[in-house]
Each structure stands twice: as C-alpha cells, then as structure tokens.
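This report describes how the parts of one protein chain are arranged. The sequence and the structure come first, and the description follows.

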Amino acid sequence: LFTNVPLAPVDPIIGVSQAYKADPSPNKVDVSVGAYRDEQAKPYVLKCVRAAEERLLGATKEYLPIDGIPEFNLASAQLLYGKAMNGQEKRMVTVQTLSGTGAVRLGVIFIRKYLPAGTTVYASRPTWVNHHNICKESGVPSAEYTYYDNKNNCLNFEGMIADMRAAPNGSVFILHLCAHNPTGCDPSKEQWGIIADVMAEKKHIPFVDCAYQGYASGDLDNDAYSARLFFERGFEMFSAQSYSKNFGLYGERAGALTIVSHSEAAIPKMLSQLKMDIRAMYSSPPTHGARLVATVLGDPALRALWIDELKQMSGRILRVRKELYDALVARNVPGDWSHIVKQIGMFTYTGLSPAQVEYIVKKYHIYLLASGRVSIAGLNSKSVPYFADAIADAVKV
Ligand code: LMR
C-alpha cells in the first residue's frame, strides 16, 4: 500500500542540525539552527522562565480554550503593537498558535479561504525556507520578491520596491519584523516608510513574521518598528509571533497570530473561523509555554528580568560577531567581511558558496547551512578562531 510513497527531501535547516548531532567528532560546532546558545555552546533556559515555571508548579493540565489563553493573546498583541493599539483592540483578533510556524500556517489558510482566489503570497529572496513550504502545503500560490544583493552583501532596496510595484494589487507580502532570516539585513526606518507607501498604493497586505523581536537591537519597541508603522498607517494586516527565540521556548511551541481588520463587525466572525480551523487541526494549543509567557509579561519584576536577559543574549551575539570579523581580518582572509558586523540578529549571511560550506562541514565538522547562513549564537570565544581558520582555508577552494 505504501511502497509508492517517495522519500521527502531533508529539511535544509533541521537536516543540518541532525547531521551535527550524529557527528562523533569532538571538534564539531553547530551554527545551523537559529537557537540561542550560551558562551559554553549550551542551550540556555532564561531565569525569568525558570521563575515563572516555579510559580506554575501544580497548575492543572486542563484543555485551553480553542483560541488559547486570553491574557497571553492580549499581552502578545500589546508586546508587538505597543501603544499604537490603544483603543483599536476591537478591530484586531489574536489567537494562540503553535509558535511562529503555526501562526504563519493559520494565517495562510485564512488567506486561502477569505482573500480573493489566486491571491499570491510573496516572500523575500532569500527567506526562511519554511515560508514556501507552508504556502505550498496550504494550497496558496507563493512567489519571491527581490531582497538581497549577494554581490555587495546588502539589501537590494530598489529591486525590492520594483518587485512590490510589479506584483498584482492586493498581494500578500511576508515581511520580517526585524533581524531578517537568513540575511541579518533589515530596511532602515526611512526605507520602511517607502515600503509602506508602495504597499498602500498597491493595496498590498503586510504579513509580518516576528520571530526575533528583542534580538535585533535588544530593544523590544525599536524592534517592533515595522509592524507598528503598518498598523499606524491603517493597513489591514497579519502578524505571526514566535516566542521560541526571545523566550528560549523552542520546543514549547508558543506563538500568536494577529489579524487587523478595518471592520470591528468582522472580528467575531474572523475569530469563529480561526477557531474552526484550529479545532479541526489540533483542537487547542499547548498550555505550558503560553502560561510562561503570560506570567512573565504580566509581572513587572519578571518582565524586567526578561528584558535584561534579552539584552545579555543579543549583546553576546554582537560581541561574537565582532570577534569573528576581527579574526578574519587578523588572518588576512581575502574579501570584505564587514557585512558580518553590519548584519543584525542571530544570523550572518556569510556569502560562502555551497562548495565552500561543504568543505567546512566535511573537513572541520562545523555545521552551517548550504546557503552560507551561520547562526552566530552557536559560536563563542573558543570556537571563533577555529571557525575563522576554517573560513580562511575554505576561501581557497
Ligand atoms: C531557523 O531558521 O533556524 C529557525 O527558525 C528554526 C527553524 O524552525 O527553521
């Protein structure tokens, strides 16, 4: 019966981290998946999360409402939209999701069902690889818009704007809130303004993917600039939030989807449809991660501790970025590596070719993505010189 099932391709991100885990080499280094590691290259459970966990000991394991914990949903929308949403809550709907992937998936299903047939979802070239998978599996056409200038290692803003203008009116554009994955390269505030102008002219719909709020500048409000700009300009829009990175809740699957409408009257109906989709897919969301987030966000002392820890994590990444750059310069590695310190967030898009990446993986057991993306969070002062040696060697290939 099942002999015709073809083997699916290995995921370009998760597959690399699995290969790392299977490698017995004592020298191995994992810079594949976007997950924070401490200076000892170990996973880090935030102190604010541990404190919230203590408070939650013994909490019941009852089912949550289909749309999740109300306090979590409200706190999520407030975290992203800030003061901009005051008085506007009635034209927004937020539901708890299975982290960012679940939020994007639910939003894309909503697009297929309630936006005009054939509405295309545009994602940046390059983007997080799962965006296109999600659209494909949801039966929604997806396409790419220009984003990155591979030659000069920077944003190709003119190309991006030209593609937004060329797309059919009313297209959906997935935009990364901040700390673009995989390039680490964001538009400036001025450029966001121009993007919003063009999106408005073309009646495009922003779908803001928010996986790294707090990781770009270390300032939650500053990192939320683009979502708040679209909101304040009156767009109908989607946002997908993940608490995997900024709370370190990777496996807990805590996230939120918010849809902003012009119509208050549409909101109860939109919520009813989202709930129907959730119920049919997984019935209700998991409790633990969302309870942790709601506890931390709802307690001023824990929230302050969280902000402090976020600053420490993003600060460590910044320091390691600089160390890597300095190590490449010290080794006179040919090429301009300044993009490593200009890029922000968890990743650096090195510009290494697939052949160079393969060489590094095979010879040095350093696991980076074939696209050349490196999770800086996986490095530390001990592994930076080894990685810089590997790059110095690989660029000769
Ligand atoms: C990544 O880009 O490495 C993370 O978002 C993890 C994932 O699910 O791909």
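At what angle do the axes of helix H2 and helix H11 cross, and within what distance do they come?

## Basis of the description

This is a predicted model, in which local features need pLDDT of at least 70 and side-chain atom pairs count only at pLDDT 80 or more, whereas totals for chains, interfaces and linings use all residues. Residues are numbered from 1 along each chain as its sequence is written.

## Helices H2 and H11

The axes of helix H2 (residues 47-56) and helix H11 (residues 288-297) cross at roughly 105° and come within 9 Å; axes are lines fitted to C-alpha atoms, for helices over the stretch in contact, and angles run from 0 to 180 degrees between N-to-C directions. H2 is therefore roughly perpendicular to H11, a term that covers 65 to 115 degrees. Helices (H or I, at least four residues) and strands (E, at least two) are DSSP runs, numbered from the N terminus.

H2 contributes Cys48, Val49, Ala52, Glu53, Arg55 and Leu56 to the contact, and H11 contributes Arg291, Leu292, Thr295 and Val296, where contact requires C-beta atoms, placed from the backbone, to lie within 7 Å. The residues of this contact divide into 6 nonpolar, 1 polar and 3 charged; Ala, Val, Leu, Ile, Met, Phe, Trp, Tyr, Cys and Pro count as nonpolar, Asp, Glu, Lys and Arg as charged, and the others, Gly among them, as polar.

An open sheet of 7 strands runs in the order S2-S10-S9-S8-S7-S3-S4 with mixed pairing, two strands being paired if DSSP finds at least two bridges between them. Strand S2 (92-98) and strand S4 (142-146) are the edge strands, each pairing on one side only. On average, neighbouring strands of this sheet are turned by 25° against each other, direction ignored.

Within the sheet, strand S7 (residues 172-176) pairs with strand S8 (residues 205-210) in the parallel sense over 5 bridges, and valine 172 stands opposite isoleucine 205 in S8. Helix H4 (residues 99-114) lies across S2, S3, S7, S8, S9 and S10, running at about 30° to S10.

## Domains

The domain assignment, which is automatic or from a database, gives domain 1 (14-44 + 315-394) and domain 2 (65-298). Their C-alpha centres lie 28 Å apart, and 16 residues of domain 1 are in contact with 18 residues of domain 2. Strand S11 (residues 347-349) gives the most to the side of domain 1 that touches domain 2, with 3 residues.

Note on methods
Angles under 35 degrees count as roughly parallel, over 145 as roughly antiparallel, 65 to 115 as roughly perpendicular and the rest as oblique. Two residues are in contact if their C-beta atoms, placed from the backbone, lie within 7 Å.
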